[in-house]
Amino acid sequence: MDSQSGVATSRKRSSGINLSRMRKSYALKPLAIGIASVFLSACGEEKQDAQIYTSLEDCKRDFPDAVERCDAAYKTATEEAMRTSPRFNSEYDCEYEFGANQCRTVNTNSGSVFMPFMAGFMVSQLLSPNRYYSQPLYTSYSPYSSYRSRWVTADGNVFSGDIRKRNYKVGSDTLKPKPTVNRTMKRGGFGSSVRAKSSWGSSSRKGSWGG
């Protein structure tokens, strides 16, 4: 997947993942190595194993025979972050949602915007001979956030448990490509999207704030 045309690199930091802000107490646990299994849940929805990493090195450690795929998965996630990340007109609005020093300035064709740092990336079926999946994930350190210290996708889907949890079973909705973001949000807008998905479920939520 290609990143959005006209987007330049961050003026504040060059790293795609804000590792220095990840809480030190959240130590990584070894993840099982192997091809992700696919199973049918009780409701009939097909789900897949997925892992979350906060660094490229951790992915390579778990998949020493697939380091090139880890590189590609990380690159895909960072490109998707540029394309799908929530955008704000002001740093204050962005930090209200994600916490102090958790946002970066990015130049776009329509001017400068503020985006949250990618806190991690999710991969699924990394060893699949056909196609693997990767997407960026975020978290918040803001006291005003309903998803503080929890993993959240660019379109507002929050995962159960806190950011110490790294192994999930995810459905097809989670693995779908996220919409390209073409407009900015106001303070509290992303939190509203999260609360809406928590209340009605992602499958019943129609439309997107990104268009």
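Residues are numbered from 1 along each chain as its sequence is written, and side-chain values use heavy atoms, with hydrogens and water left out. Because the model is predicted, local features need pLDDT of at least 70 and side-chain atom pairs count only at pLDDT 80 or more, whereas totals for chains, interfaces and linings use all residues.

The average pLDDT of the protein is 78, and 72% of the residues score at least 70; pLDDT is the predictor's confidence in each residue, from 0 to 100.

The protein contains 5 helices and 7 strands, taken as DSSP runs numbered from the N terminus (helices: H or I, at least four residues; strands: E, at least two). Along the sequence these elements follow the pattern β-β-α-α-α-β-β-β-β-β-α-α. Of the contacts between residues at least 6 apart in sequence, 67% join residues at least 24 apart. Of the 211 residues, 50% are buried, where buried means under 20% relative accessible area, exposed over 50%, and partly exposed in between (1.4 Å probe, protein chains only). The protein exposes about 10,500 Å², of which carbon and sulfur atoms supply 48%; accessible areas come from the Shrake-Rupley method with a 1.4 Å probe, and for residues only the protein chains shown count as cover.

A search of the whole structure returned 2 disulfides, each defined as a pair of cysteine sulfur atoms within 2.5 Å. Counting bonded cysteines along the chain, the pairing pattern is 1-2, 3-4. C59 lies in helix α1 (residues 56-62) and C70 in helix α2 (residues 67-84), so the link ties together parts that are 11 residues apart in sequence. The torsion about the S-S bond of C59 and C70 is about -80°, and the disulfide is therefore left-handed. Both C59 and C70 are buried. The other disulfide joins C94 to C103, S to S 2.1 Å. The link of C94 and C103 is left-handed, with -90° about the S-S bond, and both of these cysteines are buried.

Helix α2, which carries C70, has 18 residues and spans 25 Å from its first C-alpha to its last, close to the 26 Å expected at 1.5 Å a residue; the expected span is 1.5 Å times one less than the number of residues. The buried residues of α2 are C70, A73, T76, A77, E79, E80, A81, M82, R83 and T84. These buried residues pack against α1, β3 (103-108), β4 (111-116), β5 (120-124) and β6 (133-137).

Residue S124 lies in strand β5 and counts as buried because its relative accessibility is 0%. The side chain of S124 makes a polar contact with the side chain of Q48 at 3.1 Å. A polar contact is a pair of N or O atoms within 3.5 Å; within protein, one must be able to donate a hydrogen and the other to accept it, and residues adjacent in sequence count only if both atoms are side-chain atoms. The S124 side chain also reaches the backbone oxygen of D49 at 2.9 Å. Not counting residues up to four places away in sequence, S124 touches Q48, D49, A50, Y132, Y133 and L175.

Note on methods: Contact means heavy atoms within 4.5 Å.
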